[in-house]
Amino acid sequence: MINYDISIMKNNIKSIMEKKNIKQTQLANAIGISQPQISSVLNPKNSNSFTISQLVSIADYLGCSVDEILGLNQNEKRQELKSLSDILNLLFEIDANVEIQIGECGTEEMEMGSNGVTEIKKTGLYFDNDKMDRVLTEWNDLKNSSINEPLKSRIIEQWKEGILKEYENYRIEWDFRSELEQCEYLAELALRQFSDNDPLPQTLSLELSDRKNQKMLYKYIINLDPTSEYTRKHYFYADIELLDKYKEQYLNFEVTPDGSIVDVPPGLD
(Lines give C-alpha, C1' and ligand atoms only; values in the text may rest on other atoms or scores of the structure.)
Protein backbone atom coordinates (compact mmCIF):
# COMPACT_ATOMS: atom_id res chain seq x y z
CA MET A 1 0.00 0.00 0.00
CA ILE A 2 1.29 3.46 -0.93
CA ASN A 3 1.23 6.05 1.84
CA TYR A 4 1.01 9.64 0.70
CA ASP A 5 -0.37 13.02 1.68
CA ILE A 6 -3.65 13.60 -0.20
CA SER A 7 -3.32 17.39 0.02
CA ILE A 8 0.14 17.24 -1.59
CA MET A 9 -1.26 15.03 -4.35
CA LYS A 10 -4.08 17.48 -5.06
CA ASN A 11 -1.78 20.51 -5.06
CA ASN A 12 0.73 18.78 -7.36
CA ILE A 13 -1.93 17.82 -9.91
CA LYS A 14 -3.39 21.33 -9.91
CA SER A 15 0.07 22.88 -10.20
CA ILE A 16 1.04 20.70 -13.17
CA MET A 17 -2.31 21.38 -14.87
CA GLU A 18 -1.84 25.13 -14.47
CA LYS A 19 1.71 25.05 -15.83
CA LYS A 20 0.60 23.11 -18.90
CA ASN A 21 -2.70 24.97 -19.30
CA ILE A 22 -4.77 21.79 -19.01
CA LYS A 23 -8.43 22.12 -18.07
CA GLN A 24 -10.39 19.77 -15.81
CA THR A 25 -12.62 18.74 -18.71
CA GLN A 26 -9.55 17.70 -20.74
CA LEU A 27 -8.18 15.64 -17.87
CA ALA A 28 -11.58 14.08 -17.22
CA ASN A 29 -11.95 13.02 -20.87
CA ALA A 30 -8.42 11.62 -20.90
CA ILE A 31 -8.86 9.34 -17.88
CA GLY A 32 -12.51 8.44 -18.40
CA ILE A 33 -14.30 10.12 -15.50
CA SER A 34 -16.53 13.18 -15.27
CA GLN A 35 -15.36 16.76 -14.77
CA PRO A 36 -17.39 17.09 -11.52
CA GLN A 37 -15.52 14.07 -10.14
CA ILE A 38 -12.20 15.76 -10.98
CA SER A 39 -13.36 18.95 -9.32
CA SER A 40 -14.56 17.11 -6.24
CA VAL A 41 -11.31 15.19 -5.73
CA LEU A 42 -9.15 18.27 -6.28
CA ASN A 43 -11.20 20.29 -3.80
CA PRO A 44 -8.96 20.62 -0.71
CA LYS A 45 -12.04 20.51 1.54
CA ASN A 46 -12.83 16.94 0.44
CA SER A 47 -10.98 13.88 1.70
CA ASN A 48 -11.70 11.67 -1.31
CA SER A 49 -8.90 10.71 -3.69
CA PHE A 50 -8.17 9.09 -7.04
CA THR A 51 -7.64 5.35 -7.40
CA ILE A 52 -4.15 4.09 -8.19
CA SER A 53 -5.17 3.26 -11.77
CA GLN A 54 -6.59 6.77 -12.17
CA LEU A 55 -3.34 8.27 -10.83
CA VAL A 56 -1.37 6.24 -13.38
CA SER A 57 -3.62 7.55 -16.17
CA ILE A 58 -3.33 11.12 -14.86
CA ALA A 59 0.48 10.90 -14.69
CA ASP A 60 0.58 9.55 -18.24
CA TYR A 61 -1.63 12.36 -19.53
CA LEU A 62 0.25 15.09 -17.65
CA GLY A 63 3.61 13.74 -18.80
CA CYS A 64 5.04 13.10 -15.34
CA SER A 65 5.55 10.24 -12.89
CA VAL A 66 3.13 9.00 -10.23
CA ASP A 67 5.84 9.71 -7.64
CA GLU A 68 5.93 13.32 -8.78
CA ILE A 69 2.15 13.62 -8.37
CA LEU A 70 2.21 11.99 -4.92
CA GLY A 71 5.22 14.01 -3.79
CA LEU A 72 7.15 10.89 -2.82
CA ASN A 73 10.85 11.52 -2.03
CA GLN A 74 10.65 14.99 -3.55
CA ASN A 75 13.06 16.34 -0.96
CA GLU A 76 15.61 13.76 -2.04
CA LYS A 77 15.06 14.28 -5.75
CA ARG A 78 15.22 18.04 -6.02
CA GLN A 79 15.90 21.16 -4.09
CA GLU A 80 12.84 23.35 -3.64
CA LEU A 81 13.39 26.69 -5.33
CA LYS A 82 11.66 29.58 -3.60
CA SER A 83 13.62 32.63 -4.70
CA LEU A 84 15.99 34.07 -7.26
CA SER A 85 18.72 33.49 -4.69
CA ASP A 86 18.07 29.72 -4.83
CA ILE A 87 18.34 29.70 -8.62
CA LEU A 88 21.52 31.77 -8.58
CA ASN A 89 23.01 29.45 -5.97
CA LEU A 90 22.45 26.50 -8.33
CA LEU A 91 24.18 28.40 -11.14
CA PHE A 92 27.12 29.20 -8.88
CA GLU A 93 27.39 25.53 -7.88
CA ILE A 94 27.36 24.46 -11.54
CA ASP A 95 30.00 27.06 -12.37
CA ALA A 96 32.20 25.76 -9.54
CA ASN A 97 32.23 22.33 -11.22
CA VAL A 98 31.88 23.25 -14.89
CA GLU A 99 32.84 26.74 -15.94
CA ILE A 100 29.86 28.61 -17.37
CA GLN A 101 30.60 30.95 -20.25
CA ILE A 102 28.75 34.28 -20.26
CA GLY A 103 28.19 36.30 -23.41
CA GLU A 104 25.79 38.33 -25.50
CA CYS A 105 23.24 36.49 -27.61
CA GLY A 106 20.49 37.42 -30.03
CA THR A 107 16.80 37.05 -29.18
CA GLU A 108 15.33 37.24 -32.71
CA GLU A 109 13.30 40.21 -31.40
CA MET A 110 13.74 43.56 -33.09
CA GLU A 111 13.61 47.13 -31.77
CA MET A 112 13.82 50.59 -33.30
CA GLY A 113 16.79 52.63 -32.18
CA SER A 114 18.92 55.54 -33.32
CA ASN A 115 20.67 53.25 -35.81
CA GLY A 116 17.42 51.88 -37.21
CA VAL A 117 15.94 48.45 -36.57
CA THR A 118 18.31 46.18 -34.64
CA GLU A 119 18.04 42.83 -32.93
CA ILE A 120 17.58 42.93 -29.16
CA LYS A 121 20.61 41.46 -27.42
CA LYS A 122 20.61 39.89 -23.97
CA THR A 123 23.20 38.27 -21.73
CA GLY A 124 23.22 34.49 -22.09
CA LEU A 125 24.92 31.47 -20.54
CA TYR A 126 26.59 28.69 -22.51
CA PHE A 127 29.10 25.88 -22.11
CA ASP A 128 32.23 25.51 -24.20
CA ASN A 129 31.57 21.81 -24.73
CA ASP A 130 30.25 20.01 -27.82
CA LYS A 131 28.10 17.55 -25.85
CA MET A 132 26.48 20.26 -23.76
CA ASP A 133 25.89 22.29 -26.90
CA ARG A 134 24.19 19.32 -28.55
CA VAL A 135 21.90 18.72 -25.56
CA LEU A 136 20.96 22.39 -25.23
CA THR A 137 20.25 22.63 -28.96
CA GLU A 138 17.98 19.56 -28.88
CA TRP A 139 16.22 20.86 -25.77
CA ASN A 140 15.62 24.25 -27.36
CA ASP A 141 14.27 22.65 -30.54
CA LEU A 142 11.81 20.55 -28.53
CA LYS A 143 10.66 23.48 -26.39
CA ASN A 144 10.06 25.61 -29.49
CA SER A 145 8.42 22.85 -31.51
CA SER A 146 4.82 23.18 -32.72
CA ILE A 147 3.72 19.95 -30.99
CA ASN A 148 0.54 20.48 -28.95
CA GLU A 149 0.26 19.91 -25.21
CA PRO A 150 0.18 17.56 -23.38
CA LEU A 151 2.00 15.43 -25.98
CA LYS A 152 4.81 17.97 -26.15
CA SER A 153 5.47 17.72 -22.41
CA ARG A 154 5.45 13.92 -22.56
CA ILE A 155 7.97 13.92 -25.40
CA ILE A 156 10.23 16.36 -23.54
CA GLU A 157 10.07 14.28 -20.34
CA GLN A 158 10.95 11.11 -22.29
CA TRP A 159 13.80 12.98 -23.99
CA LYS A 160 15.12 14.16 -20.61
CA GLU A 161 15.08 10.61 -19.25
CA GLY A 162 16.95 9.37 -22.31
CA ILE A 163 19.56 12.14 -22.11
CA LEU A 164 20.19 11.55 -18.41
CA LYS A 165 20.62 7.82 -19.06
CA GLU A 166 22.89 8.40 -22.06
CA TYR A 167 25.26 10.74 -20.24
CA GLU A 168 25.25 9.31 -16.71
CA ASN A 169 28.81 7.98 -17.17
CA TYR A 170 30.23 11.10 -18.80
CA ARG A 171 32.22 12.38 -15.85
CA ILE A 172 32.95 16.01 -14.99
CA GLU A 173 36.49 15.04 -13.99
CA TRP A 174 36.96 13.66 -17.52
CA ASP A 175 35.71 16.88 -19.13
CA PHE A 176 32.39 15.23 -20.04
CA ARG A 177 34.05 12.23 -21.68
CA SER A 178 32.85 8.65 -21.43
CA GLU A 179 35.25 6.01 -20.05
CA LEU A 180 36.19 4.93 -23.58
CA GLU A 181 36.73 8.53 -24.70
CA GLN A 182 38.85 9.16 -21.61
CA CYS A 183 40.98 6.11 -22.43
CA GLU A 184 41.44 7.34 -26.01
CA TYR A 185 42.38 10.77 -24.67
CA LEU A 186 44.98 9.30 -22.29
CA ALA A 187 46.39 7.13 -25.08
CA GLU A 188 46.78 10.24 -27.23
CA LEU A 189 48.68 11.95 -24.40
CA ALA A 190 50.91 8.90 -23.98
CA LEU A 191 51.78 8.92 -27.69
CA ARG A 192 52.52 12.64 -27.49
CA GLN A 193 54.79 12.07 -24.50
CA PHE A 194 56.91 9.73 -26.62
CA SER A 195 57.27 12.41 -29.29
CA ASP A 196 60.29 14.70 -28.95
CA ASN A 197 58.65 17.15 -31.32
CA ASP A 198 55.54 17.63 -29.20
CA PRO A 199 56.41 17.71 -25.48
CA LEU A 200 53.44 17.63 -23.12
CA PRO A 201 52.57 20.70 -21.04
CA GLN A 202 52.88 20.13 -17.30
CA THR A 203 49.10 20.02 -16.77
CA LEU A 204 48.74 17.15 -19.23
CA SER A 205 51.75 15.33 -17.77
CA LEU A 206 49.99 15.48 -14.40
CA GLU A 207 46.97 13.75 -15.92
CA LEU A 208 49.17 10.87 -17.05
CA SER A 209 50.81 10.64 -13.62
CA ASP A 210 47.42 10.26 -11.88
CA ARG A 211 47.25 6.67 -10.62
CA LYS A 212 43.58 6.17 -11.53
CA ASN A 213 44.26 7.39 -15.06
CA GLN A 214 47.30 5.13 -15.31
CA LYS A 215 45.28 2.09 -14.29
CA MET A 216 42.55 2.99 -16.80
CA LEU A 217 45.13 3.43 -19.58
CA TYR A 218 46.84 0.13 -18.69
CA LYS A 219 43.55 -1.75 -18.99
CA TYR A 220 42.83 0.00 -22.29
CA ILE A 221 46.23 -0.86 -23.79
CA ILE A 222 46.26 -4.54 -22.81
CA ASN A 223 42.81 -4.96 -24.38
CA LEU A 224 43.76 -3.38 -27.70
CA ASP A 225 43.58 -6.05 -30.41
CA PRO A 226 45.78 -5.01 -33.38
CA THR A 227 43.54 -7.04 -35.70
CA SER A 228 40.23 -5.53 -34.57
CA GLU A 229 38.32 -3.02 -36.65
CA TYR A 230 38.28 -0.56 -33.74
CA THR A 231 42.08 -0.61 -33.33
CA ARG A 232 42.77 -0.36 -37.06
CA LYS A 233 40.40 2.61 -37.25
CA HIS A 234 42.06 4.52 -34.40
CA TYR A 235 45.75 3.61 -34.51
CA PHE A 236 48.62 2.82 -36.84
CA TYR A 237 50.59 -0.33 -36.05
CA ALA A 238 53.49 1.87 -34.91
CA ASP A 239 51.13 3.54 -32.42
CA ILE A 240 50.30 0.15 -30.89
CA GLU A 241 53.99 -0.59 -30.47
CA LEU A 242 54.55 2.79 -28.81
CA LEU A 243 51.62 2.27 -26.44
CA ASP A 244 53.02 -1.15 -25.47
CA LYS A 245 56.40 0.46 -24.76
CA TYR A 246 54.68 3.18 -22.74
CA LYS A 247 52.88 0.51 -20.72
CA GLU A 248 56.11 -1.32 -19.95
CA GLN A 249 57.99 1.84 -19.04
CA TYR A 250 55.42 3.85 -17.07
CA LEU A 251 52.46 1.69 -16.04
CA ASN A 252 53.43 -0.58 -13.15
CA PHE A 253 50.45 -2.88 -13.01
CA GLU A 254 49.78 -6.55 -13.59
CA VAL A 255 46.78 -8.75 -14.23
CA THR A 256 45.91 -11.36 -11.60
CA PRO A 257 44.54 -14.83 -12.52
CA ASP A 258 40.99 -13.62 -11.81
CA GLY A 259 41.41 -10.74 -14.28
CA SER A 260 41.88 -7.95 -11.74
CA ILE A 261 44.45 -5.21 -12.37
CA VAL A 262 46.68 -4.56 -9.37
CA ASP A 263 49.87 -2.65 -8.59
CA VAL A 264 53.12 -4.46 -9.26
CA PRO A 265 54.68 -5.31 -5.87
CA PRO A 266 57.77 -3.20 -4.99
CA GLY A 267 60.97 -4.62 -6.43
CA LEU A 268 59.19 -6.58 -9.19
CA ASP A 269 58.66 -3.74 -11.69
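## Terms and model

A residue is called buried under 20% relative accessible area, exposed over 50%, and partly exposed in between, with a 1.4 Å probe and protein chains only. Helices (H or I, at least four residues) and strands (E, at least two) are DSSP runs, numbered from the N terminus.

The model is predicted: local features need pLDDT of at least 70, side-chain atom pairs count only at pLDDT 80 or more, and totals for chains, interfaces and linings use all residues. Residues are numbered from 1 along each chain as its sequence is written, and side-chain values use heavy atoms, with hydrogens and water left out.

## Positive phi outside glycine

Asn 21 is placed in the loop that joins α1 (6-19) to α2 (24-31). This residue is not a glycine, yet the phi of Asn 21 is positive, near 55 degrees. With a relative accessible area of 55%, Asn 21 is exposed.

Asp 175 also has a positive phi, of about 60 degrees, without being a glycine. Its loop runs between α9 and α10 (179-193). Asp 175 is partly exposed, at 46% relative accessibility.

## A cis peptide bond

Glu 149 and Pro 150 are linked by a cis peptide bond, with omega near 5 degrees. Pro 150 sits in the loop between α8 (130-143) and α9 (151-166).

## Cysteines

A disulfide is a covalent bond between the sulfur atoms of two cysteines; the criterion here is a pair of cysteine sulfur atoms within 2.5 Å. The structure has 0 disulfides. Cys 64 is buried at 17% relative accessibility, and Cys 183 is buried at 6%.
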